[in-house]
Amino acid sequence: MLTAADNAVLTLTGPDQPMGQYFRRYWQPVALSRELPEPDGPPLRVQVLGEKLVAFRDTQGRVGLIEPVCPHRGADLYYGRNEECGLRCVFHGWKFGVDGKAMDLPNVPPGSSYHKDISVRAYPTREYGDIVWAYMGPAREDGRLPEVPQLEFGALPASRRYVTKKRQECNWAQAIEGALDTSHFSFLHMPAPGVPSNENRDAPADEKRLAWIRRDPMPKFSIRDHEVGFVVGGARRAEGRDIYWRTTQFALPSHSTTPSTLPGENYFGYTFVPIDDHACWIYTYVWNPDRDLSAQEIGQLKGGHGVVAEVGPDYIPLRNLSNGYLLDRNEQKHKTFTGVRGVAEQDAMVQESQGLIADRTREHLTATDAAIVRFRRTLITGARALAQGSEPQAPWRHDAYCLRSGSWIAEEGKSFEQIMQERFGNPIGYAGDAAA
């Protein structure tokens with residue numbers, strides 16, 4: 001469990017909070033590129049880390065991210081005209097560029113200092129992997145900023161990835177803890193107890209792994225730190241002397257990958273972005289480093305598949321807290337463990353059921369929560385170190401974010417490092433050379 005003070009450090013990300021300052025040292029996803037599809041198109045409301053902002057794509061295709069309050073009379077710039085490389089307030093015509101500086105002040109005399117002094121708060125943006133990223137922290141003394149984390153999906157051709165997002169009505173930390181907790185697969189995502197899973201010894205591994213997960217609710221965990229986070233491996237007994245390993249990456253401050261991928265299958269990952277302390281966006285990406293995603297795969301993903309939720313045009317899941325996730329008690333009794341359709345929706349149900357901010361002072365953890373403990377310790381230590389003046393180094397190691405995770409079957413007795421080396425050709429799952 002955590003103390004109430006530690007829980008507050010972990011979960012609160014406003015600009016006046018230690019974790020809020022820590023998150024601001026890292027690039028944050030703020031929109032999908034397709035939400036700003038054309039130059040001079042409609043602006044987009046954005047809220048991230050408790051700040052309400054407006055994004056727009058200017059005439060040259062650059063994305064601006066600025067505070068929405070016009071400094072003249074406080075009108076909302078979301079209603080502004082996106083024209084000629086700037087966003088113009090419709091109240092009195094004040095216009096601002098992607099850097100936040102005033103471009104035109106029609107009702108101000110030419111000689112006024114307003115023309116060089118007036119601006120709105122603006123954050124630098126980059127586009128990587130079909131996502132708009134923003135940096136909301138300070139630059140170094142020399143003016144340099146860190147680079148966007150080079151997650152593998154973004155380094156590949158667009159034809160080899162699919163990117164989306166979903167809104168979740170709970171604090172960011174309990175959402176990512178759900179991703180790092182691979183032991184829950186023995187229950188939450190399983191068929192109902194009476195429904196058989198494939199135990200046939202001659203069946204391929206992709207069919208038998210469900211049975212292995214179901215049979216062993218207490219995997220043994222190994223964790224190895226790396227320069228931007230850690231990788232965790234959960235080992236379950238398969239058949240005979242074989243062990244079924246499922247590995248998951250955590251990268252600072254809020255990136256994770258899924259554990260199920262066998263060689264040749266698609267990889268899945270997430271980035272968890274606080275909207276405020278009570279809601280978050282989960283950016284979800286699917287990629288294959290070796291081939292294009294097929295039209296059938298893209299169609300499945302658009303309709304919700306696996307950890308990709310089925311969402312509406314506003315990226316709110318169709319099965320959500322407001323409609324009880326469309327839980328079917330008859331299906332829960334006879335078909336699935338939860339009666340809720342969709343892995344992503346099942347995750348959201350239990351995470352949102354913990355409350356807007358989970359009360360971690362009441363928990364009773366077990367050995368299967370090893371990754372959760374490591375995550376909390378890593379984040380709280382980093383935020384408190386920053387508050388004492390020690391800047392995090394992970395944002396400057398952008399190339400180290402090219403990481404993979406997935407499944408592997410090996411004879412018992414091998415170390416976690418050996419498993420990672422066999423599966424990924426690297427002891428921590430780094431795939432930078434492969435993605436280049």
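How many of the 436 residues of the chain count as buried? The figure is 55%, where buried means under 20% relative accessible area, exposed means over 50% and partly exposed lies in between (1.4 Å probe, protein chains only).

## Ground rules

This is a predicted model, so local features need pLDDT of at least 70 and side-chain atom pairs count only at pLDDT 80 or more, while totals for chains, interfaces and linings use all residues. Residues are numbered from 1 along each chain as its sequence is written, and side-chain values use heavy atoms, with hydrogens and water left out.

## Overall build

You'll find 12 helices and 18 strands in the chain; these are DSSP runs numbered from the N terminus (helices: H or I, at least four residues; strands: E, at least two). The radius of gyration, taken over C-alpha atoms, is 23 Å, close to the 22 Å from the globule rule (2.2 Å times the number of residues to the power 0.38), so the chain is as compact as a globular protein of 436 residues.

Along the principal axes, the C-alpha atoms fill a box of roughly 85 × 45 × 45 Å. Take the contacts (heavy atoms within 4.5 Å) between residues at least 6 apart in sequence: 62% of them join residues at least 24 apart.

## The greasy middle

A nonpolar core here is a set of buried Ala, Val, Leu, Ile, Met, Phe, Trp, Tyr and Cys residues joined through side-chain atoms within 4.5 Å. The largest one has 91 residues, and L10, M19, W172, F375 and L379 touch the most other members. Strand β17 (residues 279-287) gives the most to this core, with 8 residues. Domain 1 (27-135) and domain 2 (152-434) each supply at least three residues; those bounds come from an automatic or database domain assignment.

Leaving out residues up to four places away in sequence, L379 touches L10, M19, Y22, W172, F250, L252 and P253. Apart from this core lies another, of 15 residues, with V54, I66, V108 and I118 among them.

## A buried lysine

K165 sits in strand β11 (residues 161-168) and counts as buried, at 4% relative accessibility. Its side chain makes a polar contact with the side chain of E35 (2.9 Å). For that label, an N or O pair must be within 3.5 Å; within protein, one atom must be able to donate a hydrogen and the other to accept it, and residues adjacent in sequence count only if both atoms are side-chain atoms.

## Cysteines

Searching the whole structure turns up 0 disulfides, taking a disulfide as a pair of cysteine sulfur atoms within 2.5 Å. For C280, the nearest cysteine sulfur is that of C170, 5.1 Å away. C280 is buried at 0% relative accessible area, and C402 also counts as buried, at 4%.
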